[in-house]
Structures are given as C-alpha cells and as structure tokens.
Amino acid sequence: MHRVLVIIPAHNEAENISAVITELQRDFSTADILVVNDYSTDATREIVAKHHIPCVDNIFNLGYAWSIQTGLKYATAKGYDYAIQFDADGQHIAAEATKLYQTAVKANSDIVIGSRYLEDSGYKCAFFRRLGQKIFSLLIRIFCQKRITDPLSGFQCLNRRVIEKYASFNDYPEFPDANLIIEMLYRGYKVTEAPVKMRQRQAGESMHGGIIAPIKYMVNMFYSIFFVFLQHFGFKRRFKEKLHR
C-alpha cells in the first residue's frame, strides 16, 4: 500500500480550511494530510489544530511555492510514496485527488496534472489565466512535443522521485507551474494529465485576484520559461561542442 500525503499550503484560510480537511478525511481517507500554515494572521492555525492533523508553521509569510516545497521536504523526510498538492481555498475536490493518485499508479507517471480542460468540466477561468494557459500550452507543444492542456494547474500528484527532486531545489520557482513542467519534461520525467472537476474559490481573495497580480504572474512565468529554454538549449549546445572536440 502506497503512502500518500496531501499537502495543503494555507495563508489566512480560516473560512475554508475546515471544510477542505473534512472533505479529504471523508473522501480520501487513505491519505495523510499536512497543512503548511504560511504565517496566517487569522484563525487558520487554531482550526487546523481542532482536526488533529500535522501542521507546519512558517515563521514568516513564504508564499505558496515555498510552502509547497516545505511540504515536499516533510514528505521526503517521512518517506511518502506520493504527494498531492491541494489548495486550501476549496477549489480542489477530494474525490478528484484520488483520481490523480490512481492515474499516477496506473500510468507509472512521475507527475500527474489535474486538468480542467482535458474534458469539458465547465470551469470558468479568469481571462488572463485562460490566456496564459493557452500560450504556455502552445509553448510546451512546440518545444517539448507534449500536449498539456492545463499547464497552470497546481492540482498535481507527484511520485517519490519528483518529491525528492523538488525538495532538493535551491531555486524552487515562485510560481511552480508551466515553467517547472517544461523543466521536468526536459529532464526526462513522465508527465501525464487526468481530467478533473474544480470549484470556484469558496471564500476569501485569490492570490491571482485583481489586475496587477495576474499581470505580474504572466511576466514572471514568461521570464522563468525563457531561462528554462536558455539553460536547456545552452546545455545541449555545449554538450555537442564537447563531442566534436
């Protein structure tokens, strides 16, 4: 039996976190749960404590990505076979998380992405996010020869090989989405998608809400992908030069 850890990064999610944990305990009871409390100033920590599950407390606000990596370091230290990234805002559905895990096992995949667009799920996405999804999906198809319909989905299942790899990154990206998928494809990891349903955020403000945040995200993502391409093709060129010396 595989050991599965669901990692929930949470920053000021007092309105949502209890329902998220309760649903996971009901619909994915075979998985363990870890909440990474990202320096919440509301009652998030107190609510998690009432559910009697492990909680790691960041001593200051690290942000989503580094909270995820904190959870992956925990998963590595505890020897988990799979880790599932799960949002604290109620968008991700526990029953769909089991689908990601089952796909990872059946397809022997390193990374399984929960896709809102592999099948028509009716999910309504903000304009900039949807535009970014289409652009980055096209870039992955052109440069990696791989069809990924939802490269911006953070709903993912990772096997132990990826857990340990991500946990060891010194430069884990601020937004670990399409850029990280491209890098892992270049490194030879097997990436698969599984169709999932998602809900809209149940309460509170999204980190991608408003106008400035999505624009910043897009600029950061293009910048990160550019350097992934640069490093990959630069490495290939240097390798060929060594072969011909």
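The expected span of a helix is 1.5 Å times one less than its number of residues. Keep that handy for the first close-up of this predicted model.

**View 1. Helix 3, end to end.** Helix 3 covers residues 64–78, which makes 15 residues. At 1.5 Å a residue, helix 3 should therefore span 21 Å, and its end C-alpha atoms do sit 21 Å apart, so the two values agree.

**View 2. The buried residues of helix 3, and what covers them.** Eight names to look for here: Tyr 64, Ala 65, Ser 67, Ile 68, Gln 69, Gly 71, Leu 72 and Ala 75 are the buried residues of helix 3. Their cover includes strand 1 (4–10), strand 2 (32–37), strand 4 and strand 6, along with helix 6 (160–168).

View 3. Seven strands line up in the order 3-2-1-4-6-5-7, and their pairing is mixed. Strand 3 (55–57) and strand 7 (191–195) are at the edges with a single partner strand each, so one side of each has no neighbour in the sheet. Going from one strand to the next, the twist averages 20°.

**View 4. Strand 4 meets strand 6.** Strand 4 (residues 82–85) pairs with strand 6 (residues 156–159) in the antiparallel sense, over three bridges. To find your bearings, spot Tyr 82, which stands opposite Asn 159 in strand 6.

**View 5. Helix 7 on the sheet.** Helix 7 (residues 178–186) packs on the sheet and touches strand 5 (111–115), strand 6 and strand 7. The directions of helix 7 and strand 5 make an angle of about 145°.

Note on methods:
Residues numbered from 1 in each chain as written. Predicted model: local features only at pLDDT ≥ 70, side-chain atom pairs only at ≥ 80, totals over all residues. Heavy atoms only, no water. Pairing = 2+ DSSP bridges. Helix = DSSP H or I, 4+ residues; strand = E, 2+ residues; numbered from the N terminus. Axes fitted to C-alpha atoms, helices over the stretch in contact; angles between N-to-C directions. Contact = heavy atoms within 4.5 Å. Buried < 20%, exposed > 50% of the residue type's maximum accessible area, 1.4 Å probe, protein only.
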